[in-house]
Amino acid sequence: MEDGSEVYPGKLLVENAQDLAPGANTYLYLGKVYAQVAGFIQIVKANNWNKLAADQISVTPFHGAEGADNSERTAEASNERGRTLQPRTGDEVYAKVMKVEDRFTKVDIVAIGEEPISAIFIGFI
């Protein structure tokens, strides 16, 4: 993974957590580091100023801080910055049903509000 690369939730970032430590918006599972949110990769090298014990990988979310002004979440503003809209808690979404089971239904989210999204987000109902 390169600094600045675009990632999505669940994307494998580092095969071996010994190489890069998990940072903000990442998680460690079975010795591997994964993205927790959609965003851009940021790699911070350990040095005397930041006092990190090891080099660290983190993800800067596309949507900014939680609770950010929703007026920025239009498709036009999103495309100007080359970013993909990401669903958040409380959003109304349009989804395509992909699979129906006894206890849940798997869906692909295709739009947030009335704005189509380019990335595929999977949801369960």
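Two aromatic pairs turn up in this structure, counting rings of Phe, Tyr and Trp whose centres lie within 6.5 Å. One of them joins tyrosine 27 and tyrosine 34 in a stacked arrangement, with 5.4 Å from centre to centre and 20° between the planes. Please keep in mind as you look around that this is a predicted model.

**The stacked tyrosines**

- Tyrosine 27 is partly exposed, because its relative accessibility is 34%.

**The phenylalanine pair**

- Phenylalanine 104 and phenylalanine 124 have ring centres 5.4 Å apart and planes at 70°, so this pair is edge-to-face.
- The two residues are 20 apart and the pair links distant parts of the chain.
- Phenylalanine 104 sits in the loop between strand 8 (93-100) and strand 9 (105-112), while phenylalanine 124 belongs to strand 10 (residues 115-124).
- With a relative accessibility of 34%, phenylalanine 104 is partly exposed.
- Phenylalanine 124 has a relative accessible area of 59% and is therefore exposed.

- Asparagine 25 is not a glycine, yet its phi is positive, at about 60°.
- You can find asparagine 25 in the loop between strand 3 (21-22) and strand 4 (26-29).
- A relative accessible area of 27% makes asparagine 25 partly exposed.
- Leucine 30 is another residue other than glycine with a positive phi, here near 50°.
- The loop between strand 4 and strand 5 (32-35) is where leucine 30 lies.
- Leucine 30 counts as exposed, because its relative accessibility is 71%, and the cut-off for exposed is over 50%.

**The start of the chain**

- Glutamate 2 lies in the segment before strand 1 (6-7).
- Glutamate 2 is exposed, with 60% relative accessible area.
- Between the C-alpha atoms of glutamate 2 and leucine 13 the distance is 9.4 Å, and these two residues are 11 residues apart along the chain.

Terms used. Residues are numbered from 1 along each chain as its sequence is written. This is a predicted model: local features need pLDDT of at least 70, side-chain atom pairs count only at pLDDT 80 or more; totals for chains, interfaces and linings use all residues. Side-chain values use heavy atoms; hydrogens and water are left out. Rings of Phe, Tyr and Trp (its six-membered ring) pair if their centres lie within 6.5 Å; planes under 30 degrees apart count as stacked, over 60 as edge-to-face and the rest as tilted. Buried means under 20% relative accessible area, exposed over 50%, partly exposed in between (1.4 Å probe, protein chains only). Helices (H or I, at least four residues) and strands (E, at least two) are DSSP runs, numbered from the N terminus.
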